Amino acid sequence: MLAHNGIIILLTLLLSLIAAIMPMPITLDTFRPDWVLVVTMYWAIALPSRVNVITAWVMGLLLDILLGSTLGVHAAAMATTIFIASGNFQKIRNFSLWQQSLVVGVLASLFHLIVFWLQRFLTDVVFLPSYLYPVLTSMVLWPWAFLLLRKTRQHFKIK
């Protein structure tokens, strides 16, 4: 049963990776939510003993590979963000859904700023305000992702 539960978690993480690289119209691509961050954050808050910083680092590394970015940039940002989320999982769980969305927005902002700072240090990128548009869509996505993943967790009795 435990292996079955792990497969469901891995499947949701794999689906988030697919959603992260799925083609979108160019006008909407700047608003692409941080699917991998949102799904990993849900599992880190719901089951911090099963999905932790190591899982976040691996997901970030896979995201680096899929996006063709410098290896370790998304991994470091994801690990840092999930470290903060999983360290405060009991507080975040007690917040209402809209308050959790605000926390997700702050953590998604931190994620994007860490990615920017690392890319700025390694290459010569310029900060644009549109770089933070995914934060807004991730905040809007959180309630639906939370409810869907919680329903999945309850349906498959993942503990």
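Biologist: Which residues form the nonpolar patch on the surface?
Modeller: This is a predicted model, to begin with. The patch is made up of Ile54, Trp57, Val58, Leu62, Ile65 and Leu71.

Biologist: What accessible area do they have together?
Modeller: About 600 Å².

Biologist: Where is Leu71 found?
Modeller: In the loop between H4 and H5.

Biologist: Is Leu71 buried or exposed?
Modeller: Exposed. Its relative accessible area is 59%, and the cut-off for exposed is over 50%.

Biologist: Which residues of H5 are buried?
Modeller: Val73, His74, Ala75, Ala77 and Met78 are among them. The list also includes Ala79, Thr81, Ile82, Ala85 and Ser86.

Biologist: And what covers the buried residues of H5?
Modeller: The cover includes H3, helix H4 (53–67), helix H6 (89–94) and helix H7 (97–122).

Biologist: New topic, aromatics. How many aromatic pairs does the structure hold?
Modeller: Seven. One of the pairs is Phe31 with Tyr133. Their ring centres are 4.8 Å apart and their planes sit at 5 degrees, so this pair is stacked.

Biologist: Where do Phe31 and Tyr133 lie?
Modeller: Phe31 is in the loop between helix H2 (26–29) and helix H3 (35–46), while Tyr133 is in helix H8 (residues 133–155). The pair therefore ties together parts that are 102 residues apart in sequence.

Biologist: What about accessibility for Phe31 and Tyr133?
Modeller: Phe31 is partly exposed, at 34% relative accessible area. Tyr133 is partly exposed too, at 32%.

Biologist: And Trp142 with Phe146: why does that pair count as tilted?
Modeller: The planes are at 40 degrees, with the ring centres 5.8 Å apart, so the pair is tilted. Stacked would need planes under 30 degrees apart, and edge-to-face over 60.

Biologist: How many residues apart are Trp142 and Phe146 in helix H8?
Modeller: Four, which puts about one helical turn between them.

Biologist: Are Trp142 and Phe146 buried or exposed?
Modeller: Trp142 is buried, at 1% relative accessibility. Phe146 is also buried, at 14%.

Biologist: Last one. Which residues form one aromatic cluster?
Modeller: Trp142 and Phe146 again, along with Tyr42 and Trp43.

Conventions
Residues numbered from 1 in each chain as written. Predicted model: local features only at pLDDT ≥ 70, side-chain atom pairs only at ≥ 80, totals over all residues. Heavy atoms only, no water. Phe/Tyr/Trp six-rings, centres within 6.5 Å; stacked < 30°, edge-to-face > 60°. Helix = DSSP H or I, 4+ residues; strand = E, 2+ residues; numbered from the N terminus. Buried < 20%, exposed > 50% of the residue type's maximum accessible area, 1.4 Å probe, protein only. Contact = heavy atoms within 4.5 Å. Patch = residues over 30% accessible without salt bridge, like charges linked within 9 Å, V, L, I, M, F, W, Y side chains within 5 Å. Areas by Shrake-Rupley, 256 points an atom, 1.4 Å probe, with all protein chains shown as cover. Salt bridge = Lys/Arg side-chain N within 4 Å of Asp/Glu carboxyl O.
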